Amino acid sequence: MKYSIQLFLLFLLPFILPAQSSITYLHCGRILDGVGGELTEQTIVVEDGKISRIEAGYVGAAAGAKVVDLKQSTVMPGFIDLHVHVESELNPRAYIERFTKNPADVALRATTYMRKTIAAGFTTVRDLGGSGVNISLRDAINEGYIIGPRIFTAEKAIATTGGHADPSNGRNEELAFDAGPEAGVVNSADEAWKAVRTRYKNGADCIKITATGGVLSVAKDGQGAQFRNEELEAIVTAAKEYGMHTAAHAHGVGGMQRAIKAGITTIEHGTLMDDETADLMIEYGTYLVPTLSAGSYVAEKAKTPGFFPAIIVPKAIEIGSQQKEIFTRNYARGVKIAFGTDSGVSPHGDNAKEFGYLVECGVKPMDAIISATSTAAMILGQKETLGQIKPGFTADIVAVLGNPLEDIHLLEKVDFVMKDGRRVK
């Protein structure tokens, strides 16, 4: 037993120790800088976890520095996914596993999900709701105990009684309980303030609400509005006072419009958005995080007998089948977008498939990349540190062979990943 523990500790040692000071020269055939710029044959110099300078040509390295040959590659900022669920991954047993898995089980599985995510080139994610294990996972990654992307988390989502994200939904009488603000369920403006303050106390970075019903909740309505105006206004105001931005899960127009008018930062999914709601998004400057990956995945899995509870199947088919067509129309109308997949519904590690879905719906490849780099960083409040290849920025860098502006699907085959100046792939 003692020998096994020693081997385990030796395995962990490289991840626990802080990164040593080092200089790395990246010889880049093409750079897409995250804000629309494109450079060829450049050298990125990385020092102490940051991009120290960018020089024309393939510069000779200083003594003792590392050199990485990316001359045949396109180099970009590390991708940012603004909608993931780090604790889980959808499967036919997911609904029963809520009652059979312990927090330790959730945490250990999550470490594998996060390894897949960073290997796919996503060096930062926004986690939009879980059990609270997400806070511990974020901290463990930040402290170097496990490998994974930088996490900004909402901790537990905020819902209304019986709404999408009410953790007491679908339980029998023996297991039922009346969830309140601690569990993320509110029914008044005062409870909304308490829920935000509780998320802040627990260490959340942002606030997630469920403004409408959901496809995967055990309830028949996936579209109806689920918050009153005064509750939404209280949540947004409280979040701003505590330095947090807000995200609203929303499928139907009623819930979307209420959330937009309350000042929500991002609308997640926006599946059934009509022209009036799109115009409201444009007026208020609200960003849409379309999560086309999740819509495609649930529509596909709804055709597999037994994958979902019966009450979910018609919602998954109806909403999933409309999402791309409606998104195409609203994007063309001028709705601003930011990148997000809802991974955890769709599989972790497949995040980059979202790029292909966006381009399929009329987004230019460069704009799709910007949505996952500088735009996403801005929403996170990190526009001066993340999302760009620029001196002074954090050295989160990815590379793929070839030119993704010609074939966006190349982004599904990331060959090189650096986070905080350390190569992780």
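This is a predicted model: local features need pLDDT of at least 70, side-chain atom pairs count only at pLDDT 80 or more; totals for chains, interfaces and linings use all residues.
An α-helix has 3.6 residues a turn, so residues three or four places apart point the same way. Directly after helix 7 comes glycine 263, whose phi is positive, at about 100°.

Helix 9, made up of residues 292-301, is likewise worth a look, being mostly covered, with 7 of its 10 residues buried. Leu292, Ser293, Ala294 and Gly295 belong to this buried set, together with Tyr297, Val298 and Ala299. Among the elements that cover these residues are helix 10 (313-333) and helix 11 (353-360).

Alanine 65 is found between strand 3 (50-56) and strand 4 (66-77), in the loop that joins them. Its C-alpha atom is 6.9 Å from that of serine 22, although 43 residues separate the two along the chain. Once neighbours within four places in sequence are set aside, alanine 65 makes contact with Ile23 and Tyr25.

In total, 7 aromatic pairs were counted. One of them joins phenylalanine 79 and phenylalanine 122, whose ring centres are 5.4 Å apart. The planes of these two rings meet at 55°, and the pair is therefore classed as tilted, since the edge-to-face class requires planes over 60 degrees apart. Phenylalanine 79 belongs to strand 5 (residues 79-84) and phenylalanine 122 to strand 6 (residues 122-127), so this pair ties together parts of the chain that lie 43 residues apart in sequence.

Are these two phenylalanines buried or exposed? Phenylalanine 79 has a relative accessibility of 0% and so counts as buried. Phenylalanine 122 is buried as well, its relative accessible area being 0%. Ring pairs also bring Phe339 and Phe355 into the picture, linking them with Phe79 and Phe122 in a cluster.

A ring can also face a charge, as tyrosine 58 shows: the charged end of lysine 71 sits over its ring, at 4.9 Å from the ring centre.

How values were computed. Residues are numbered from 1 along each chain as its sequence is written. Side-chain values use heavy atoms; hydrogens and water are left out. Helices (H or I, at least four residues) and strands (E, at least two) are DSSP runs, numbered from the N terminus. Contact means heavy atoms within 4.5 Å. Buried means under 20% relative accessible area, exposed over 50%, partly exposed in between (1.4 Å probe, protein chains only). Rings of Phe, Tyr and Trp (its six-membered ring) pair if their centres lie within 6.5 Å; planes under 30 degrees apart count as stacked, over 60 as edge-to-face and the rest as tilted. A charge sits over a ring if NZ of Lys or CZ of Arg is within 6 Å of the ring centre and within 35 degrees of the ring normal.
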